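User: I would like to learn how surface features are read from a model, one step at a time. Could we begin once the structure is in view?

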Amino acid sequence: MLIGLVRDSVMQCFCHTCRAPGILPVVVSRRSAPIKKNNKIRSKQPRLNKKVKFITTEIRCQEKSRGGLSYEVILAEPAPNVPVPKRPVTPGKNVSVEEIEQKLKAAEERRISLEARKMAEISIKLAKVEEATRKKDEITNEFITQTKEQLETKMEHHVEKREAIISDMKEKLKIHAQEIEKTRETLEQQKAYEQKAIEEKLKTAQALRDENIKKMLDRLKEHERRAEVVRQNKAQTQDIDGLQNLIASSG
């Protein structure tokens, strides 16, 4: 359909009254080149019978400028009507029963051989499938084994690391407990020493207090004794004065 439209558009004259083969310039290169103005003189189209039909043998389309197309149409004279060769009719043959049986037997053999070949191909394919399945199972088992070994190695490393951390923590706790015990013993010793010092201070203070009390008691006794002596002296003096007064009054 497209070829017919292109052919009609090319074969149609500018005056739309006749149809003739158009003469178009041949494009040499398809690469972009500077556009030159076409200064060719247009030749008059020969008037041909409208009933003349041309057969387009080749159409070449090329982009000459941006947005424009250039067509090169090669036309040829119509070929004469060539009769279509008919299939020769083979004469009928009289086929015997033996030939039919032989043909049936050969067809059966061909069918059996074809089935055997198909079965062989199927067995080969099944063997390939089994081999691929076996390889896949081997790869899967190997992957599972490697993964299991890696996991076991990781678990062993993790257990060893955990045990090392626990032993380190135990050692640190042991050292801390020893330090606590040493500190407790030091505190107890310091407490005992301070308690002993306090007891000694208390004993010294008690001894000083007893000594002070004894001195005070001695002082009080001495004071009472002196007071008693003073009282006795005063009483004697009063008695003497009374006797003297008596003597004086009697004399």
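User: Which residues form a nonpolar patch on the surface, and how much accessible area do they have together?

Analyst: Please bear in mind that this is a predicted model. Nonpolar side chains are joined into a patch when they lie within 5 Å and have over 30% relative accessible area. Here Met119, Ile122 and Leu126 form such a patch, and together they have about 300 Å² of accessible area.

User: Where is leucine 126 found, and why does leucine 126 count as partly exposed?

Analyst: Partly exposed is the class between buried, under 20% relative accessible area, and exposed, over 50%. Leucine 126 is found in helix H2, and it counts as partly exposed because its relative accessibility is 48%.

User: Which residues gather in a patch of negative charge on the surface?

Analyst: For like charges, the joining distance is within 9 Å. In this model the patch of negative charge gathers Glu149, Glu152, Glu156, Glu160 and Glu163 on the surface. Glutamate 149 lies in helix H2, which covers residues 97-250, and glutamate 149 counts as partly exposed because its relative accessibility is 46%.

User: How many helices and strands are there in the protein chain, and what share of its residues is buried?

Analyst: The protein chain has 2 helices and 2 strands, which run α-β-β-α from the N terminus on. Of its 251 residues, 5% are buried, while the chain exposes about 24,300 Å², with 58% of that area supplied by carbon and sulfur atoms.

Notes. Residues are numbered from 1 along each chain as its sequence is written. This is a predicted model: local features need pLDDT of at least 70, side-chain atom pairs count only at pLDDT 80 or more; totals for chains, interfaces and linings use all residues. Side-chain values use heavy atoms; hydrogens and water are left out. Accessible areas come from the Shrake-Rupley method with a 1.4 Å probe; for residues, only the protein chains shown count as cover. A salt bridge is a side-chain nitrogen of Lys or Arg within 4 Å of a carboxyl oxygen of Asp or Glu. Lys and Arg count as positive and Asp and Glu as negative; His and the chain ends are not counted. The place of a charge is taken as NZ of Lys, CZ of Arg, CG of Asp or CD of Glu. Helices (H or I, at least four residues) and strands (E, at least two) are DSSP runs, numbered from the N terminus. Buried means under 20% relative accessible area, exposed over 50%, partly exposed in between (1.4 Å probe, protein chains only).
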